[in-house]
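Here is a short note for a colleague opening this entry for the first time. Please read the points with the model in view.

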Amino acid sequence: MNLSLTLLMALPLLGAAVLAALPKANALLAKQIALGSTFLVALVTIAMAVGFERDNINLQYVESHQWIPSFGINYAVGLDGISLVLILMTTLLAPIVVLAGWNESQNGRWSTKTFYILILVLEMMAIGVFAATDVFLFYVFFEAMLVPVYFLIGGYGTGERSAAAVKFLLYSLFGGLLMLASIIGLYVISGTQGGHTFDTQALSQLQMSSTTQNLLFLGFFIAFAIKAPLWPFHTWLPDAADCATPGTSVLLLGVLDKVGTFGMIRYCLTLFPEATKTFTPTIIVLSVISIIYGAFLAIGQKDIKRLIAFTSISHFGFITMGIFAMTSQGHSGATLYMFNHGFSTAALFLVAGWMISRRGSSIISDFGGLQRVTPVMAWAFFFAGMSSLALPGLSSFVSEFLVLVGTYTRYPVAAIIATFGIVLAALYILIPVQRALHGPITAGNENLSDLTLRERVAIAPVVVIIIFLGFYPSPLLKVINPAATHVISQMGFSDPAPTQLGGK
Amino acid sequence: MTFTAPVLNYTILSPMLIVLAGALIGVLVEAFLGKAFRPIVQLILTVGTLLLSLVQVFRIRESESLSAAMGSVVFDGPGFLLQAAILIISIISVFLIADNENFTALAAAIPGSVEEHASIQQGNKVTEVYPLTLFAVAGMLLFPISSDLITLFVALEMLSLPLYLMAGLSRRRRLLSQEAALKYFLLGAFSSAFFLFGAAYLYGYSGDISFAGIRDSVVGGSGNDIFLLIGIAFVSVGLLFKVGAVPFHAWSPDVYQGAPTAVTAFMAAATKIAAFGAMLRIYYTVFANAQWSWTPLLSGIAIITMLFGSFVAIAQRDVKRMLAYSSIAHAGFLLAGVIALNKAGLSASIFYLFAYGVATVGAFAVVTLVRDSSGEVTDLNRWTGLGKRSPWVASVFAFFLLAFAGIPLTSGFIGKFSIFSAAYESGAKGVVIAGVLSSAIAAFFYIRVIVLMFFTDSHEDATTVVIPSVLTRITVIFSFVITVALGVYPAPLIDFINKFATFIR
């Protein structure tokens, strides 16, 4: 059978359809089917990644069918290195999330099978959003994927879940509608220059006045900045991450938010090169603020889930900075960072989720001495933390280093300030590690059970990927680099030669 | 003076004639048939009439005529599309009207009187509502294809009068219903007066009541522009009243709330198509060359309507009032299509009207299902937890709300996209930006209802959802399927509309 993106999107949908046909009572079977479907999707993605020609900068696995011809809308999908890596991340995370959060759906408002239907639909849409090469199709996935996430947070979360879900949805919809205005603008302009189209390639050739370009750019950028989330558009994230189940949080921060940073590369940069140059200094400043602000707030958090959410804001600052540094190292680093962040956040959230469900509290000070009670869980959390603070030898280190190097060559001041983010990262990770894992055993923690076999199996691939890519990132970089270089050269940038201090 | 017999093109007029004939037979059925048979006979008669008329409209779709009734009626592609849309929406709504419990047993009885009680005891049903519906439909069919001011006015009255009556037929809370009917009637009479006043000025300006004659004067530009401006302004007031645009919207929340829900559904969906159809024809053909004079005004009204409807809807605690304000906001979006004044705008408006109409009927059909012992419950506070008790009904309603909000993969999104892109293309960027912002505001109250249904735990005095009867089920399922289909694969309908969407003049 020919591998295709359509097949890849059909598989989770098929799984969801099978689940829908199941009787409600059989929760175990629903979980097994969900695991099986996501696992199969992951296998197919790996097969596609193996078949991907790394040095070919053209889109691959291209498919295009007319959808609404009178508006020039096509169902058009294809992969370049960047989207391949992100789809790979999505489909690898999905079975891990299903396995790790085996009992997550228990406290929900609805049945277990509904939970997994939502997860599978979300996975399908996430693949679609990364694969779309038609702006309209991208937008459809971009907006439609809010609906399953909304119900996942509001229906299965904890605490003020419905308020958090609404906040998430309204923020995202607001950004999405601004983007819709920009998309309409592009559509109309394309109509005056050779016919209505939504094809990303064709749209990148449009001639626009700089005012138009700036306005349309902002429509896209604000939508992506809300999604990513970049300071000051981040306020929905801590609430959402706090209330969602750990698995949903992984998908939210690991996959959904990447759509924002991916969109910046795919749409902001390629469609509006001039406007990008205009706004780059501002965006670099926002990124640096995100890095430092996220880190400081993370240090101050008492709640472990909110802490992870703020660390992510800091990390997204790094990614955005890498993207807008306009160097090939920065770009490769940012894309690799997106991939790595997905796994290190998954590790943090999943282990934190297990700790919270055992202890019945998410306040860091309620933990303590876990190292002695539950050594495996403690080590897993420690490892996830190290990955988050980018310890050399773990995957995040490579990407963070690339981003900083790539930024330094063009924006040295920003890079230097951002480096403080790494120092702060050590603080925000080591403080909870010290409080939760070490020291005397806090009352109430004496009888916590250690990770079960299922949980160990779920976390093992994450650990393996993080270590493997920490030592040997080149399989991914070889896929990313050509695409990243291509974007940079299309923008008319070339890497500045490194200057040597005092070498005049 | 010699009398010339009018030459009528009966083929072109046949869809309306069929509906009128059906209505008259319906009146006879009321007069001569026994009570027991009336409901079923009337239902079959009404649906049959509407279907026959629909078939006939499709058969004459290729014919174009400027002189169907001595120049009073023009039939062209948009006319065909609008008539077909009105008929389809009417058919879907008739099943809802037929269903229910909604109508008073004896309209003539004073609320709370002995007579009324006796009539309820006997199990009477107002079957007059069927011929009234057909008369209204006939008026609606004529409205968008009228081509002189007098015919337009006659059509306006013909569609309005039955609706005034129908709004007062509610079974429960009859005083509220009668108040709504009276309010609708009085304000409708005012707007008719405005309309006639404007028509008189247009006649003064051009010396002609036919659209063609007025257009020639506008193109020639020889007349007195003050007369033209006054004429356009007052005719617009009459039409804007019917579509419920701000500041002529005051009637709609009360009428939507007071009228029997089935009537509200029919009125909200079908009247809007007819009224916007007539507006499109007038602005696209008659006033097109005087664009300078009305675009700024209409743009302002569109922006105010969108924002006002969206903002005020947030404060509503009654689902029917909320839907009324949402329909005001949608009228604003539709005005963007009128302002666009290009072919894309016409196609987009027709698509939007159809998609919105279908979703509206579906949403109101769901409202009729949520009841307690004293009838329909429209207080949103009592809709809490509906998703738990009746997941299917709540999910379908949520889907219609998402369609109103314009979330992708629903018909509402395609409609919104096409209408905004047409407006943007014509340079009305301000309207598009206001539209996008008010969509964001509107999303808030649609989502709030979803939160109430799914994420809030229910009160003790919980409402129940009645098992829908076959008839209501038909309405809901049809609306749902069309809304999904137009969201996922709208290409066939859009192409079909594009093929026909050209006014002849």
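1. Residues 63-125 of chain A are 54% helix and 21% strand. Helices (H or I, at least four residues) and strands (E, at least two) are DSSP runs, numbered from the N terminus. An unreviewed UniProt entry annotates residues 63-125 of chain A as "domain: NADH:ubiquinone oxidoreductase chain 4 N-terminal". Such annotations may be inferred rather than shown by experiment.

2. The model is predicted: local features need pLDDT of at least 70, side-chain atom pairs count only at pLDDT 80 or more, and totals for chains, interfaces and linings use all residues. Residues are numbered from 1 along each chain as its sequence is written, while chains are lettered from A and ligands numbered from 1 in the order in which they are written.

3. In chain A, 27 residues are in contact (C-beta atoms, placed from the backbone, within 7 Å) with 25 residues of chain B. H7(A) gives the largest share of the chain A side, 15 residues.

4. Of its 32 residues, 27 are buried (20 or more other C-beta atoms within 10 Å of a residue's own; exposed means 12 or fewer). Just after H7(A), A:Gly194 takes a positive phi of about 90°.

5. B:Ile110 sits in the loop between helix H3 (77-99) and helix H4 (114-121) of chain B. B:Ile110 counts as exposed because it has 12 C-beta neighbours inside 10 Å.

Technical notes. Contact = placed C-beta atoms within 7 Å.
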